[in-house]
Every structure is written in structure tokens, then in C-alpha cells.
Amino acid sequence: MKFPFDLPFLPEGCSIALLESCGMKPGQCAEAWALAHPQLLREQSGQFLQAGASALLAPTFGANRAALAPFGLEGQAEALNAGLMALTKECAGKLPAGGRVGPSGLFPPPAGEADFDAIYHGYREQVRALARAGAGFLLVEGQHSLADMRAALLAARSSGLPALVSLTVDEAGRTLSGAALLPCLITLQAMGAVAVGLDRAPLPVMEELLEEAAPHACVPLIARPSPTPGAAPEEFAAGVQRLAAAGALVLGAASGSAPAYTAALRAACPTPAPLPEKGDCWAAASEQEAFFLGDDIRFSEPVPCSPGLAEDLIALEDGHANVALVELETVDDAFLLAEQGPQARLPIAIHSHSLPVLEAALRYFQGRLILDSESPFEEEELTPLSVKYGAILY
């Protein structure tokens, strides 16, 4: 899916921090409070439109079932998303209106013990409610794990909504689960994300990571930093301009920033920016590392799944193969690969005599796998799997 909006693209809208500045108490559910104060949401939306936002964002960041559970509101996910999205669309008028999709707070193996399908179903509920209420796109933002990002993307595909995805990283360039921008970019753009990038990170970290990612981007890059406390809007806009020079085309201030920052940024980047040329996407990935593939691809001998899979994969680094070929027999093997595969120091290809097992491996591995075309299936059977999960069919 091509990027559907004019560039540079500046989506903005009401946020938790802005709601707190208007009377919401800390610890309250921001989504429920915003829906109970529709006039406030209308006023803030109007301010962002006047400041030059390209699109309005509904304040649905924490409106997935898992994030609502601590408030006892998980049963209201559909109503909250529908109400906030409908109100935002009304405010947007002829401009695009999108839904914010924040992290679930759940981590599947190897980072945690959550069930990936449960994460997916929570996002699907949210995304479908947003779509029915008129969302034109999704901003999957503030993300801490590739599992959340992939689950949200799969949910977006089920509703046909374009999804922009941004990570929150620390000064070392890593998320809470250890994910890095480049491997996430490789994985997410292959799965159909229309833009990928960063939010809330320090400007110098963003600039370095975006410059590293730009040659491999097939989609626009996102840069939505948080303004330095006390920084003037013009100073913030100048910093974001450096990020634009590093390759970012979807720009903005992270949640909680006033419309004055949007206005300064709009004034600083008045000319349309071109879409990136096709980058170097010939790469596999785990959550923490990208593996760029050359012309000379050499699969290892098939490695069976066993409790010692991680050690077997690491040992392949000293051999002649440059791709680890893993043989999968059962769905349990797919779960084992998801848990131990990220320790491999080579890109991973998978082979199986079962289509459901292949799909399970592609679904639960957090990264981009190579799908062995020598698996005993027709290309017409393997291609839909590779497209759905962004795998390389080789």
C-alpha cells in the first residue's frame, strides 16, 4: 500500500498530557475522560487544525482491551474507540482523521509470557471499532515491542486501514524489549506499514538512527520527538528540520505538545517532500538485528527444533552457511523458534511439510523470516503467506 497522503505529513491531535492540563486528574482513564468532555476535544482539535495539522488524531492511544483493563474498562473498548473516533472525524471536516493505537503492555516470548494471539485480538477489536467510526488511517505510536507492532499491523490489514508505526527508544536506540529501528523497519515495511519511524526519543538519537535507516526505507520515515522542556516552538521546529534532512517525511511533536509546536513546524517545512526511492530491503530480521542478504545465499543443513535450538543456531556461525535453515514439524516447533530463534547470529529460513506450521512460524516469530521455496507446496500456496507476514520467499 502506497503512502496515501501529501508529504510532509503532520498528523496531530488531543493527547493525555493536554487533557491533564485541562483538568483530568492523574490516574484517570484518558479515553473515558475525553469522551465525557467532548467540547474540550472539539476545542483542542480546532487549535491543531488552525496550527496547520495535516490530519487529526483521535485520543485513543490507550483504548485497547489490555491497556483499559487496569481501569476495569476492558469491556468498553469498542464504545470508547467508536465515540472518540466519530467525534474526531466530525472535527476534521474534509481533512483525514486517524486513530491512535498505543502499546498493549503485553510481551510474548522471549521478552515475556503473553499470548501473541491475545494481543492481536485486542488490537483487532480496537481497529475495527475505529474503522467503523470512520478512521482513515492508524498511527501505531509509542511502541515498545515488535510483537505489538506486528499484531497491530495484522489487525490493520483485516480492516484495510493504512498504518503508520513509530517506536519509542532510549538513548541507546532500543525499546523496552530491545527492538531497534532498522530491523523493525525491515520487518514492518515488508508487512505493509505505509510509514515507520520514531517518537519521543532524544533528537540526536533520532537523527543518527534515521540516517542509518534511510538507505533501507521503502516507505516514508517518521520523526515525532518530544520538545525539550522550555524550548521555544521555533527551536523545536529547527531540530525537526534536521530530522527531515535525515530522511523523515512524517513529522510532528510527540503526544502532549501544544499546537504552537505544530504551527512552527508547519511554517518551517512548507514545500512538499518526495517519496523515498526504493531502498535496500533485501534483508531478514529479528527484533534486534537486520541481516542483509547478498547474491550468494547458502542454506545450512536443516536444523531440527529441539530444546537446544538456540545453541544449534549459534554454532552455525562458524560454518560455511550464511542462512540457518530450520526444519519445523509441529506448531510447538513454531513456538520454540519464536522463543529461541532471536538468539541466532544468522538470518533464519524455515522449511516444513505443513502449511499451518509454516504460518504459525511466520506469525509468532518477531522479525522477518525467509520462507524456503523448496517446501513441498506450490508457489500459489506460499506466496500469500509471504505477503501476509512480510517473509522473503526464496
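Is L49 buried, exposed or partly exposed? See the first legend.

This is a predicted model, in which local features need pLDDT of at least 70, side-chain atom pairs count only at pLDDT 80 or more, and totals for chains, interfaces and linings use all residues. Residues are numbered from 1 along each chain as its sequence is written, and side-chain values use heavy atoms, with hydrogens and water left out.

**View 1. L49 in helix α3.**
L49 is partly exposed, with a relative accessible area of 25%. Buried means under 20% relative accessible area, exposed means over 50%, and partly exposed lies in between (1.4 Å probe, protein chains only). L49 sits in helix α3. Helices (H or I, at least four residues) and strands (E, at least two) are DSSP runs, numbered from the N terminus. Leaving aside neighbours within four places in sequence, L49 is in contact with L56, C91, A92 and L95. Contact means heavy atoms within 4.5 Å. S15 is 34 residues from L49 in sequence, and their C-alpha atoms are 14 Å apart in space.

**View 2. Helix α10 packs with helix α11.**
Two packed helices are described by the angle between their axes and the distance between the axes. Axes are lines fitted to C-alpha atoms, for helices over the stretch in contact, and angles run from 0 to 180 degrees between N-to-C directions. Helix α10 spans residues 233-245 and helix α11 spans residues 259-268. Their angle is about 50 degrees, and their axes are 8 Å apart. That makes α10 oblique to α11. Angles under 35 degrees count as roughly parallel, over 145 as roughly antiparallel, 65 to 115 as roughly perpendicular, and the rest as oblique. The crossing of α10 and α11 is right-handed. A crossing is right-handed if the near helix is turned clockwise from the far one by less than a right angle, and left-handed if anticlockwise. From α10, the contact uses P233, E234, F236, A237, V240 and Q241. From α11, it uses A260, Y261, A264, L265 and A268. By class, the contact of α10 with α11 has nine nonpolar, one polar and one charged residues. Ala, Val, Leu, Ile, Met, Phe, Trp, Tyr, Cys and Pro count as nonpolar; Asp, Glu, Lys and Arg count as charged; the others, Gly among them, count as polar.

**View 3. The buried residues of α11.**
Which residues of α11 are buried? They are P259, Y261, T262, A264 and L265. Their cover includes β1, α3 (38-51), α10 and β8 (248-251).

**View 4. Helix α8 packs with helix α9.**
Helix α8 (residues 181-191) meets helix α9 (residues 203-213) at an angle of about 45 degrees. Their axes are 9 Å apart. That makes α8 oblique to α9. The crossing is right-handed. L181, L182 and L185 of α8 touch the α9 side, made by L209, L210, E212 and A213. This contact of α8 with α9 has six nonpolar, no polar and one charged residues.

**View 5. The largest nonpolar core.**
In soluble globular proteins, nonpolar side chains tend to be buried together. A nonpolar core is a set of buried Ala, Val, Leu, Ile, Met, Phe, Trp, Tyr and Cys residues joined through side-chain atoms within 4.5 Å. The largest one here has 102 residues. L138, L188, L210, L337, I348 and I350 have the most contacts inside it. Helix α7 (residues 146-159) gives the most to this core, with nine residues. Not counting residues up to four places away in sequence, I348 touches L313, V323, A324, V326, L337, G341, F365, L369 and I370. A second, separate core of 14 residues includes L57, L139, I222 and L249.

**View 6. Two cis peptide bonds, at P8 and at P110.**
A cis bond joins L7 and P8, with omega about -5 degrees. P8 is in the segment before β1 (11-12). The bond from P109 to P110 is also cis, with omega near 5 degrees. P110 is in the loop between β3 (97-101) and α6 (116-132).

**View 7. R200 in a loop.**
R200 lies between β6 (195-199) and α9. Its phi is near 65 degrees, a positive value in a residue other than glycine. R200 is partly exposed, with a relative accessible area of 27%.
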